Amino acid sequence: MTEARVRRVSLVILIIGLAASAAIYVRARPGPGNPLGYEPEDTKQYLREMEVYGGKANLIAQDIREGFTSLWHGKRLACTVAVITLLAAGGFWFAARPLPPPGEEDEPPRESPR
């Protein structure tokens, strides 16, 4: 692939991904509330029972799991898509660039005359 074509494809990946991210962000709605009126996971009793049964590691694992699953809903999904788009476009650009011709890497840098 030529440099111009690699740049164009990278730009197309960026435009499509960021447009999708913007559309997700605009259309995102808050999730439905709990019919109980509160989240049982936020009560001290629930947290204490989790700690008794699984220890501190259980509480940490629960926090990590909730944080990871929140990345796939609402406005956070838009941010996730934007980051994945940037990584995909940058990865494609890096992987598709042509390598320098053999022999150019071995030459010592030329010093400029003073």
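**View 1. Tyr 25 is found in helix α1.** Here's a quick note before we look around: this is a predicted model, where local features need pLDDT of at least 70, side-chain atom pairs count only at pLDDT 80 or more, and totals for chains, interfaces and linings use all residues. Residues are numbered from 1 along each chain as its sequence is written, and side-chain values use heavy atoms, with hydrogens and water left out. Tyr 25 counts as partly exposed because its relative accessibility is 42%; buried means under 20% relative accessible area, exposed means over 50%, and partly exposed is in between (1.4 Å probe, protein chains only). Follow the chain for 48 residues and you reach His 73, whose C-alpha atom is 10 Å from the one of Tyr 25.

**View 2. Ile 13 is another residue to look at in helix α1.** With a relative accessible area of 27%, Ile 13 is partly exposed. Now find Ala 88: along the chain it is 75 residues from Ile 13, but the two C-alpha atoms are separated by 7.6 Å.

**View 3. Phe 68, Trp 72 and Ile 84 make a nonpolar patch on the surface.** Together, these three have about 330 Å² of accessible area, worked out by the Shrake-Rupley method with a 1.4 Å probe, and for residues only the protein chains shown count as cover. To join a patch, a residue needs over 30% relative accessible area and no salt bridge; like charges are joined within 9 Å, and nonpolar side chains (Val, Leu, Ile, Met, Phe, Trp, Tyr) within 5 Å. Trp 72 sits in the loop between α2 and α3 (74–96), and it is partly exposed, at 41% relative accessibility.

**View 4. Zoom in on the rings for the 1 aromatic pair in the count.** Phe 68 and Trp 72 are the partners, and their arrangement is edge-to-face: 6.0 Å centre to centre, with 75° between the planes. The rule is that rings of Phe, Tyr and Trp (its six-membered ring) pair if their centres lie within 6.5 Å; planes under 30 degrees apart count as stacked, over 60 as edge-to-face and the rest as tilted.

**View 5. Glu 39, Asp 42, Asp 63 and Glu 66 form a negative surface patch.** Asp 42 belongs to the loop between α1 (3–27) and α2 (44–70), and it is exposed, with a relative accessible area of 59%.

**View 6. The structure holds 1 salt bridge.** Lys 56 and Glu 51 are the two partners, with their closest N and O atoms 3.4 Å apart. The term means a side-chain nitrogen of Lys or Arg within 4 Å of a carboxyl oxygen of Asp or Glu. How exposed are the partners? Lys 56 counts as exposed at 55% relative accessibility, whereas Glu 51 is partly exposed at 26% relative accessible area.

**View 7. Gly 54 and Lys 44 take us along helix α2.** Gly 54 is partly exposed, with a relative accessible area of 35%. Between Gly 54 and Leu 11 there are 48 Å in space, C-alpha to C-alpha, and the two are 43 residues apart in sequence. Lys 44 counts as exposed, with 75% relative accessibility. Its C-alpha atom is 41 Å from that of Gly 17, and Lys 44 and Gly 17 are 27 residues apart in sequence.

Conventions: Lys and Arg count as positive and Asp and Glu as negative; His and the chain ends are not counted. The place of a charge is taken as NZ of Lys, CZ of Arg, CG of Asp or CD of Glu. Helices (H or I, at least four residues) and strands (E, at least two) are DSSP runs, numbered from the N terminus.
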